[in-house]
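Here's a chain to look over together. Have the sequence and the model open side by side, and we'll start with its charges before moving on to its shape.

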Amino acid sequence: MKVILDVKDSKASFVMELLGNFPFIKVQPITKEKALLLREIREAVDTVNLVKKGKFKARPAKELLDEI
């Protein structure tokens, strides 16, 4: 299982050291930019799922491209 934690900068080194002491946990920090990208992708997937359920109205791609 993969988990993303959001830790205050002041406590990050403590949490990284703590998790690194468990032999069954692999610690791999990610950059703030990658964390932001993952969050935006998750939000996009959530929006697509809402559209599929009919709880959010989507715009046709043609309409979006015509605005550009």
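**Charges, helices and one leucine**

Let's begin with the charged side chains: the protein chain carries 14 positive and 10 negative ones, and the centres of these two sets sit 6 Å apart. Keep in mind that you're looking at a predicted model.

Now for the overall layout. The protein chain has 3 helices and 0 strands, so reading from the N terminus you get α-α-α. How does the radius of gyration of the protein chain compare with that of a compact globule of 68 residues? The globule would come in near 11 Å, while the protein chain has 19 Å. The C-alpha trace spans about 55 × 25 × 15 Å along its principal axes.

Next, find helix 2, which covers residues 32-53. Its 22 residues reach 32 Å from first C-alpha to last, close to the 32 Å expected at 1.5 Å a residue. Just after helix 2 comes glycine 54, with a positive phi of about 80°.

Finally, zoom in on leucine 19, which lies in helix 1 (residues 9-20). Is leucine 19 buried or partly exposed? Its relative accessibility is 21%, so it counts as partly exposed; the cut-off for buried is under 20%. Leaving aside residues up to four places away in sequence, leucine 19 touches Leu5, Ile25 and Val27. Lysine 53 is another story: it is 34 residues from leucine 19 along the chain, and their C-alpha atoms are separated by 39 Å.

Terms used: Residues are numbered from 1 along each chain as its sequence is written. This is a predicted model: local features need pLDDT of at least 70, side-chain atom pairs count only at pLDDT 80 or more; totals for chains, interfaces and linings use all residues. Side-chain values use heavy atoms; hydrogens and water are left out. Helices (H or I, at least four residues) and strands (E, at least two) are DSSP runs, numbered from the N terminus. The radius of gyration is taken over C-alpha atoms; the globule rule is 2.2 Å times the number of residues to the power 0.38. Lys and Arg count as positive and Asp and Glu as negative; His and the chain ends are not counted. The place of a charge is taken as NZ of Lys, CZ of Arg, CG of Asp or CD of Glu. The expected span of a helix is 1.5 Å times one less than its number of residues. Buried means under 20% relative accessible area, exposed over 50%, partly exposed in between (1.4 Å probe, protein chains only). Contact means heavy atoms within 4.5 Å.
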